[in-house]
Amino acid sequence: MKNVVISGVGIHAFGRHDDLTYRDLGSHAAREALDDAGASFADVDFTFVANVGAGTAKGANIAQLLGASGSPVISVEAACGSSGAALQLGATLIESGAASCVLCIGVEKTPRGLVSAGFEDWQMRSGLGVIPAYFGLDAAELLATTDATVADLADVSVKNHDHAVHNPNAMYRRRVTREQVLDSKMVCDPLRLLMLCSPTDGAAAAVLMSRERAQALGVDKPINVLAVSLVSKIPTDSFVPMAARPSTGWTSFAARAAQQAYEEAGIGPGDLDLVECQDTDSASELLAYRALSLCAPGDEAGLLRSGATTFAGRLPVNVSGGLLSKGEPLGASGLGQVHEVVSQLRGEAGVRQVLGARVGMSHVFGAGHTASAVILSS
Amino acid sequence: MSADALRTSTPIDDRLFFPQPQPRAGGPVHLRISACPTCELLAFPAEPRCAQCGCPTEDRPLTDPAVVVTATTVLYASAESEIDAPYRIAVADFPAGISIYGLAGDDVDRDDLVNVVGRGLSNGEITFEFLRADR
């Protein structure tokens, strides 16, 4: 991708906001992003609203609060990958010349309790429609097939909670110890409560522009969009809510999304200065190290133990605190990652600034069908 | 006959099982997979068309025993579940070359050899579970 930049980002703090509607959250993030870009909603050619659960006309309902201009507003649903899908659509429109300014909004009011994921009715009635159980199965398999330990799973949570202390947009901003994680309530062994993210409320937004449009508007510090990949599952992919997978040679749509993004950007994992990945649970972050080719298969725990993925390490992962600390507003989580990466690449991340950050990656995947990776540079 | 009575001992989804032996709680069942004669992709539940190449598929019974590759315990069931927590689920790898996600006996763990049997649900339907072959 050569002609797309991010001109502005906005966010509404993640967490439970019982007194606010999804319209409040989404419009807040959108206004902040537009202000950041020095643009108005009238400048926007297309708006994509990433959301899972808000129902019909959600995008239009948010746009009305922005001063509806009559430009197309399209709602996008791809489970936890919704933000990635919205970004890919927006960036592709700009790269193709069909638009010069696109607003992407991710927003969610996530109900309390278990989130569904496209399971079939027989799976639900059979007791198989429990998302954390699939993360538990993956985590148990990771522990059985690599040298990763339960203590490593705890340490992912410790790391990300450490990172979140300085993030005002995170749901949880308190440090936790390994012992606290290991003493927290078991959910699906080996995963305990503090090893799992909390589905929550929140919103984030980004204004994408062509280089020419950004220049014309005098955008300060435009961030280059080097790649936005978007892939859907193939029959051999292994991810919730599948009922089966091949015995050997099963594939990962998350890895495929990352590989496509590297190829499109013309860079490799060694060129990254920071990563925001989908730590739905502690094991998912370790598995993301593998999917994003940050380490060799089997060396996930080794990378963690080396300290490389901490704030002060050579490749900080989830310096925002990740979903483990921020919470996961399904449709907004990917744009929340982009908000963090943009802030870092601009040098505006304050106390949690990664020094010298020039290239960053974000990565999301959604139950059943969609994964996306975004690579940005300053 | 009431709807509840009709569902008693009714397979939870016809795509999952071969009709013989008739699925019943605690009894042996034959899971039904589909196989693509062209690209050899296996699918469960069985699908009439191959998800990879679109060719018509053939149904096959899944022969056990299988080997468990991972397992966990569900402590909090969903509202739609017809089985009360806690219960165990596992991924079992079958000789045909496909791994299936399903309920499992309380003592089932990784590397166990398991057979597939019918499992009764609270609404009377029959699903399947993996039980240790040495029990």
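A salt bridge here is a side-chain nitrogen of Lys or Arg within 4 Å of a carboxyl oxygen of Asp or Glu. This is a predicted model, where local features need pLDDT of at least 70, side-chain atom pairs count only at pLDDT 80 or more, and totals for chains, interfaces and linings use all residues. Residues are numbered from 1 along each chain as its sequence is written, chains are lettered from A in the order in which they are written, and side-chain values use heavy atoms, leaving out hydrogens and water.

**View 1. Salt bridges between chain A and chain B.** By that rule, 3 salt bridges cross the interface of chain A and chain B. One of them joins Arg125(A) to Glu125(B), with the closest N and O atoms 2.7 Å apart.

**View 2. The contact surface.** Let's step back to the interface: 32 residues of chain A are in contact (heavy atoms within 4.5 Å) with 43 residues of chain B. About 2,900 Å² is buried between the two chains, 59% of it from carbon and sulfur atoms; buried area is the accessible area (1.4 Å probe) that two parts lose on being put together, summed over both. Trp122(A), Arg125(A) and Leu137(A) supply 23% of the area that chain A buries against chain B, more than any other three residues.

View 3. Strands (E, at least two residues) are DSSP runs numbered from the N terminus, and two of them pair if DSSP finds at least two bridges between them. Look for Pro246(A), whose bridge partner in β6(B) is Ile98(B).

Notes: Helices (H or I, at least four residues) and strands (E, at least two) are DSSP runs, numbered from the N terminus.
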